[in-house]
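Hi,

Here is the structure I promised to pass on.

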Amino acid sequence: MVHTRCHLITYGCQMNEYDTHLVQSQLVSLGADIVSSVDEADVVLVNTCAVRGKPVEKVRSLLGDLRKIKARRPLVIGMMGCLAQLDEGQQIARAFGVDILLGPGSLLDIGKALEGNERFWALHFRDDLHAHVPPPPQGTLQAHLTIMRGCDHHCTYCIVPTTRGPQVSRSPDDILRELDGMLAAGVQEVTLLGQNVNAYGVDQGARLAGYPSFAQLLRQVGRSGVRRVKFTTSHPMNFTEDVAAAMADTPAICEFIHLPVQSGSDRVLRRMAREYTREQYLKHVADIRRHLPHAVMATDIIVGFPGETEQDFQDTLDLYDEVGFDSAYMFIYSPRPGTPSYTHFSDLPRDVKTERLGRLVARQKDWSARKNAAKVGTVQEVLLRGAAHDSGFLEGHTRGSHPTVVPRAAGADGPGIYPVRIDHATPHVLYGRVLDAQGQERPLLNFPEAGQQRPEAAALVSPLPMA
Ligand code: SAH
Ligand code: SF4
Ligand code: F3S
């Protein structure tokens, strides 16, 4: 294992990114070297996603490329994560000569897997996954903190409960210990992760086991000294008003909420088994806005769910206008083998689904443009991560997770949180200038005079999709 050169590739959501870090730190503690390309690697580990057909296709094509390389030189290929847990993934693994296969609950078997020369497959759910998470490197600004794994819902379209198993919440002590390590490393923004963070603790008999509610946990994290706290994902079924209250009364908790609605039609919501109605969803939105009038709202929507009529789709567009989402991840329904909707419902024609997605994307773009335009002239607290693709600029994001771009300014060329006055907005990006403590613009460094061309958003930042 010592000096084995490992390269890790991640598909999927933030939970997979967190898991990749888990595996990476395990490898480092065992003496392996982490390398940044396949060319330098003896071992390539692919952390996979199975939520829709597209990520599965991406994995298939990557494994095809890796197999070609393996035909020319020794290479160990590992497949980890959600797809690895499924029959579909195991068939792919066999077809592409995968040596190591680790489900999302078996990631820490990576050491054992690399010890021998045998093919190694592990698909059990270990309960010590988070036992030895080392703190992030000094100077890390942003970190993800998984507070629960798995999911106890059974949305009819979704493969996640099969890939990640039932919900298991981590103990509050364990979470706060990991948070302490992050704070000591200088982390300024922490995002609490789970498939349904509002149900935190429910699997442990919650209050009986002495677990805090999610709102209580949020407050504890918010008072730890970290500058910003975010969380994802909130399931409307388990959302409670005390979460909105915690967001309002704890300054570190960002006024940003990702509350996936999936559809605006009660008929479709029922067929999805989402366990809430349109009215209940709108009540949550009203509660959030009462506590936080300027809350930034994001959602997920699936278009073209089996049986979705034009009227159902119109209901989604109407709900969209009623809420006025700042941003949305919009997906075409993708039938996943092993889910109830795959087995029992028939898929709509591709062109119907694509046409509806086009209309929804256009509607969302209008809303994002409107919402972002309203930010022009305001001062936003922006976490600047570093240079944008065009190195005359820095990129980062607001408390509401808007991608933001600023020209380099004297005193603001290091990563950190800065006040930024927004002076221009597109539907996807805010542009502004860094201010000093007196609220004055900082002098620019190596930047063309005002009025000169602004780089196009697409060239600067890439969106950060959930999956
Ligand atoms: N636990 C989260 C979502 C996790 S999956 C929640 O319930 O909110 C992320 C998103 O992928 C979902 O919100 C849904 O919009 C989308 N998704 C899941 N399965 C899908 C499928 N079969 N086809 C299309 N989109 C899907
Ligand atoms: Fe999937 Fe539903 Fe669980 Fe979210 S809540 S992970 S959509 S089953
Ligand atoms: Fe798994 Fe996340 Fe994809 S939970 S299926 S990697 S969206």
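β4, α3 and β5 form a β-α-β unit that is right-handed, meaning that with the strands pointing away from the viewer, the path from the first strand over the helix to the second runs clockwise. Helices (H or I, at least four residues) and strands (E, at least two) are DSSP runs, numbered from the N terminus. This is a predicted model, where local features need pLDDT of at least 70, side-chain atom pairs count only at pLDDT 80 or more, and totals for chains, interfaces and linings use all residues. Residues are numbered from 1 along each chain as its sequence is written, chains are lettered from A and ligands numbered from 1 in the order in which they are written, and side-chain values use heavy atoms, leaving out hydrogens and water.

Back to that unit. Its two strands, β4 (residues 76-81) and β5 (residues 100-102), pair in the parallel sense over three bridges; strands pair if DSSP finds at least two bridges between them. Met80 sits opposite Leu102 in β5. The helix, α3 (residues 87-95), lies across β4, β5 and β6 and runs at about 175° to β6. Angles run from 0 to 180 degrees between N-to-C directions, with axes fitted as lines to C-alpha atoms, for helices over the stretch in contact.

Val43 has Val76 in β4 as its bridge partner. Between β3 and β4 the chain passes through helix α2 (residues 53-72), and this β-α-β crossover is right-handed too. Five of the six residues of β4 are buried, that is, under 20% relative accessible area with a 1.4 Å probe, protein chains only (exposed is over 50%, partly exposed in between).Zooming out, these strands belong to an open sheet of six, ordered β2-β1-β3-β4-β5-β6, with parallel pairing. Its edge strands, each pairing on one side only, are β2 (33-34) and β6 (120-122). Helix α1 (residues 14-29) packs on the sheet and touches β1 (5-10), β2, β3 (43-48) and β4, its direction making about 175° with that of β1; contact here means heavy atoms within 4.5 Å.

As for the whole protein, there are 14 helices and 19 strands. The radius of gyration is 23 Å, close to the 23 Å that the globule rule gives for 467 residues, so the protein is as compact as a globular protein of that length. That radius is taken over C-alpha atoms, and the rule is 2.2 Å times the number of residues to the power 0.38. Of the 467 residues, 54% count as buried.

Cheers
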